[in-house]
Amino acid sequence: ASIDGVGYATLAEALNAVQDGQTITLAEGAEGKESGEISFDKAITFTITGKAPKYALPVITFQNATVNIKDAEVLIPELDARQNAVINIVNSTVHDAGGNSIAKSYYNGTINIDKTSTVYMMQITTMGYINVAGTVNATWQTNVYGNGMISLAQGAKFNTGALHLTGKDYSGRDNTDTDRVGKPATIVVDGATLNVGSVKSDNG
């Protein structure tokens, strides 16, 4: 990975170095796997870009940051937005890594998937917000817990092996936004397509 022409051996090193407004570019065509888990807690906005569909990124939990995955093709085992983090997926393809690959938003975390993007995961879980204008394929299941909310915009396609909605708040990770407190787990389909049934894994 690189930032403004400065190379880093791993994405973990690049994340440690990235500053507000900068862009991390993944090495084109990189292959392999970056193991480990990263807790990223910087109140900054930055971008991840690049085409590396055969390089498995580490598990990353984003807190308080705004992350734009833009013009990218990436392989992600876990995409996690927590504590007011916002992950924007723009004109990108996110591949699942098989196994327990999951995209999730807890507390007040938000994942936005624009109309030119496709996300493959084994499962999707939210106690925050997930807003979809593009395409999502969740092979195993989608879970909306507590007062979490999934919104499917006009033209969006959401395919999932199973769909669970429950008011249970897991370990106090519920959404604390004023307009969601006391509300039930919700999925809104506004001119979109929601399919519940068999969904083929991307890499599993």
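Predicted model: local features only at pLDDT ≥ 70, side-chain atom pairs only at ≥ 80, totals over all residues.
Let me begin with a strand pairing: E14 and E16 pair in the parallel sense over 8 bridges. Here two strands pair if DSSP finds at least two bridges between them, and helices (H or I, at least four residues) and strands (E, at least two) are DSSP runs numbered from the N terminus.

Residues are numbered from 1 along each chain as its sequence is written, and side-chain values use heavy atoms, with hydrogens and water left out.

I return to E16, which spans residues 135–144. Of its 10 residues, 7 are buried, so the strand is largely enclosed by the rest of the structure. By buried I mean under 20% relative accessible area, with exposed over 50% and partly exposed in between (1.4 Å probe, protein chains only).

Thr125 counts as buried because its relative accessibility is 4%. Its side chain makes a polar contact of 3.1 Å with the side chain of Asn143. A polar contact is a pair of N or O atoms within 3.5 Å; within protein, one must be able to donate a hydrogen and the other to accept it, and residues adjacent in sequence count only if both atoms are side-chain atoms. Leaving aside neighbours within four places in sequence, Thr125 is in contact (heavy atoms within 4.5 Å) with residues including Lys104, Tyr106, Asn143 and Tyr145.

How many salt bridges does a search of the whole structure find? The search finds 3, where a salt bridge is a side-chain nitrogen of Lys or Arg within 4 Å of a carboxyl oxygen of Asp or Glu. One of them joins the side chains of Lys104 and Glu78, at 3.3 Å from N to O. This pair links distant parts of the chain, with Lys104 in strand E12 (residues 102–105) and Glu78 in strand E9 (residues 78–82), 26 residues apart. Both Lys104 and Glu78 are buried. Another salt bridge is formed by the side chains of Asp80 and Arg82, at 2.9 Å from N to O, and both of these residues are buried as well. Lys104 also forms a salt bridge with Asp80, the closest N and O atoms being 3.9 Å apart. As Lys104 lies in strand E12 and Asp80 in strand E9, the pair ties together parts that are 24 residues apart in sequence. Through shared partners, the salt bridges join Glu78, Asp80, Arg82 and Lys104 into one network.

Lys104 is also among the contacts of Ile111, as are Leu79, Ala81 and Ile87, leaving aside neighbours within four places in sequence. Ile111 lies in strand E13, residues 110–113, and counts as buried because its relative accessibility is 2%. Ile111 and Ile87 are 24 residues apart in sequence and 4.8 Å apart in space, C-alpha to C-alpha.

A further side-chain pair involves Asn88, in strand E10 (residues 86–90). Asn88 counts as buried at 17% relative accessibility. A polar contact of 2.9 Å joins its side chain to that of Asn112.

The structure holds 1 cavity of 30 Å³ or more. On a 1 Å grid over the protein atoms alone, a cavity is a set of points where a 1.4 Å probe fits but cannot get out, and lining residues have an atom within 4 Å of a point. Grid points are joined across faces, edges and corners, and a volume is the space filled by probe spheres set on the points. The largest cavity has a volume of about 80 Å³. Which strand supplies the largest share of its lining? That share, 3 residues, comes from E8. Strand E7 (59–63), strand E8 (66–76) and E9 each supply at least two lining residues.

Definitions and conventions
1 Å grid on protein atoms, 1.4 Å probe; cavity = no way out; pocket = protein on both sides within 12 Å on 5 of 7 lines; lining within 4 Å.
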